[in-house]
Each structure stands twice: as structure tokens, then as C-alpha cells.
Amino acid sequence: MREKIIVSVIGAGGKMGTRVSNNLAKHTDDITMYLCENSPQGVDGIQKRGFEVIASQEAVPKSDVIILAVPDTLINIVSQDIVKMMRPDTTLMILDPAAAVAKELALRDDCTFAVAHPCHPSYFLDQDTPEARQDYFGGVAGKQDIVMAKIQGSDDNFAKARKIGEIMFAPVMHSYVMGVRDIAFLEPTLVEILGATTLYAMAETVKEAERRGIPRAAAESFLSGHIYNLSANFLGKLNAKVSDACMVAIELGNQLVLREDWKRIWDDDVLDKSIQTMLHPTKK
């Protein structure tokens, strides 16, 4: 008989805690799951899903893998207590690299620590069902990839954490392993500082198009279709080049929209400052 992996989810009543615990609960042959939550609203949500809530003081010492599904800003405080309760040679997983890069995650030499983060379903992936195609976040029906990193610890424990990561973000196509700092350059640098900022500007520009009398549905269709096409082109998925006129427009955009030194977002000092600001937004 296979020995089950005992997993505790801390913050199991929150948005991410709910998502990952719903998927872990589908693997009762391999996983024994404990759900820990402090907020009354979170406890109520867990119970409405048909699960019991257990105190972290009871769950963590029994667990092989502990998942911190709490906001990044709380990891510094929450991890202090959780890590003290862990058995030696067990594993703690966080779902975002920021606290680890900022050295705000409590660590222990006799335990393993890892990061797992979803890529979210790509529009380049063929999804099998309408439900999957409408799962924009992932972890329900839409296939996606994930990225993972070992902060410290044993390779065997990290392999176990990787298996748990693939289950809790399922259905997963690929789990890419890299350094913790590499994941931080993916988020926030790649997808938030650049990607989210430019996409937010695009959405604002759709509003401007509508204000000027262009039908919103037409503007949304035109924008999303071109994003799909241009993404495929610039990422090398099409055996074609954009028009000369488009390249001229890109040069104009570099002058009118982007700063000339925008690639500084890939500098280490910019990453560190960005993470500190995101973890401590009230500090100046």
C-alpha cells in the first residue's frame, strides 16, 4: 500500500487556498489533507465546501508538506510560527517568490523550502472543452504550465513538492524548474511591471476608442485578435514578419509610450526595489 503524503494548507479559506485545496482533495489515494484557516469568513467557506478546519498547531507537526496560501505581505509573520512547528526533513511551499527573494521567509537548515507558481492557461494551448477555454486563471479545467524553484533543502523533498505543485494547479502540462530569482523576474518583472502595465494601457485605450464613437465590441475584437497574431509573430511561432509599417509604428510607440530605458526593469536593483515596494506598499 502506497504511503500517503500529508499536506497542510495554511490559509485554506482564501482565494488561492481554496483553489489548491479543491485540487488536492481530488487525490485522496495519494494525499491526506489538513485545512488551516483563522478568519471566520474563510472557516465558513471551507465548511460550506464540506471540509473540516484544523488548527495549524495540530496539523503542521503531522505534515510532510506545508503550503502557505497567504498574501505575500503576511508570509514574514506567518512563516515564523509555522516553520518552528515543522518536523525535520519536511517541506514548506510558498506560491510566490517575493518573500523568499526579499529574505522575509523564515527558514530552517533541516527542512526544504520551495516556490510554485502557475503560468495560467496560454492562448497558444489547445483546450479540450468550452469550460477549459473559459478557465482564464487555471487550476479548474484549463491546461497550464507552472514554474517551480527550490529555495533550499533536499532534492528528494523538492521532487515531492514538485508532484504536489502539479496536482494543486492541475491540469498541468509542464512544470519548469528554475532559480527563485528567475521566477521573480517572471513575476513581477515580465508579467506585471511590463505585461500588466501595457495591457492595462490597452484596456484604457479601448475605453478611449469607445468614447470616440468606435463600437466597444469592435475595438475589443480588433485588439485581442491583433495581440494573438502579434504574439505568435514576435515569439517566433509564425513563419512571417510584420509589415514595415508596423515596425515604423513600433518605433513611434517606443517614443510615445515606452521610456527609452524601459529595459532597466531587468536590472537586479530594480527587481529588489520593486519587491520591497510590493511587500511594504506603505513604506516610502
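Into which domains is the protein chain divided? There are two parts: domain 1 spans 5–179 and domain 2 spans 192–279. The model is a predicted one. The C-alpha centres of domain 1 and domain 2 are 31 Å apart.

**The contact between the domains**

Nine residues of domain 1 meet eleven residues of domain 2. Together the two domains bury about 800 Å². Carbon and sulfur atoms account for 73% of that area. On the domain 1 side, three residues stand out: Val-101, Tyr-123 and Phe-124. They provide 58% of the area that domain 1 buries against domain 2, more than any other three residues.

Polar links were counted as well. Between domain 1 and domain 2 there are zero salt bridges. Two residue pairs are in polar contact, both at pLDDT 80 or more.

**The domain 1 side**

Two helices each supply at least two residues to the side of domain 1 that touches domain 2: helix 4 (72–85) and helix 5 (98–101). Helix 5 gives the most, with three residues. By residue class, this side of domain 1 holds six nonpolar residues, one polar residue and two charged residues.

| Item between domain 1 and domain 2 | Value |
|---|---|
| Salt bridges | zero salt bridges |
| Polar contacts | two residue pairs |

Conventions. Residues are numbered from 1 along each chain as its sequence is written. This is a predicted model: local features need pLDDT of at least 70, side-chain atom pairs count only at pLDDT 80 or more; totals for chains, interfaces and linings use all residues. Side-chain values use heavy atoms; hydrogens and water are left out. Domain bounds come from an automatic or database domain assignment. Contact means heavy atoms within 4.5 Å. Buried area is the accessible area (1.4 Å probe) that two parts lose on being put together, summed over both. A salt bridge is a side-chain nitrogen of Lys or Arg within 4 Å of a carboxyl oxygen of Asp or Glu. A polar contact is a pair of N or O atoms within 3.5 Å; within protein, one must be able to donate a hydrogen and the other to accept it, and residues adjacent in sequence count only if both atoms are side-chain atoms. Helices (H or I, at least four residues) and strands (E, at least two) are DSSP runs, numbered from the N terminus. Ala, Val, Leu, Ile, Met, Phe, Trp, Tyr, Cys and Pro count as nonpolar, Asp, Glu, Lys and Arg as charged, and the others, Gly among them, as polar.
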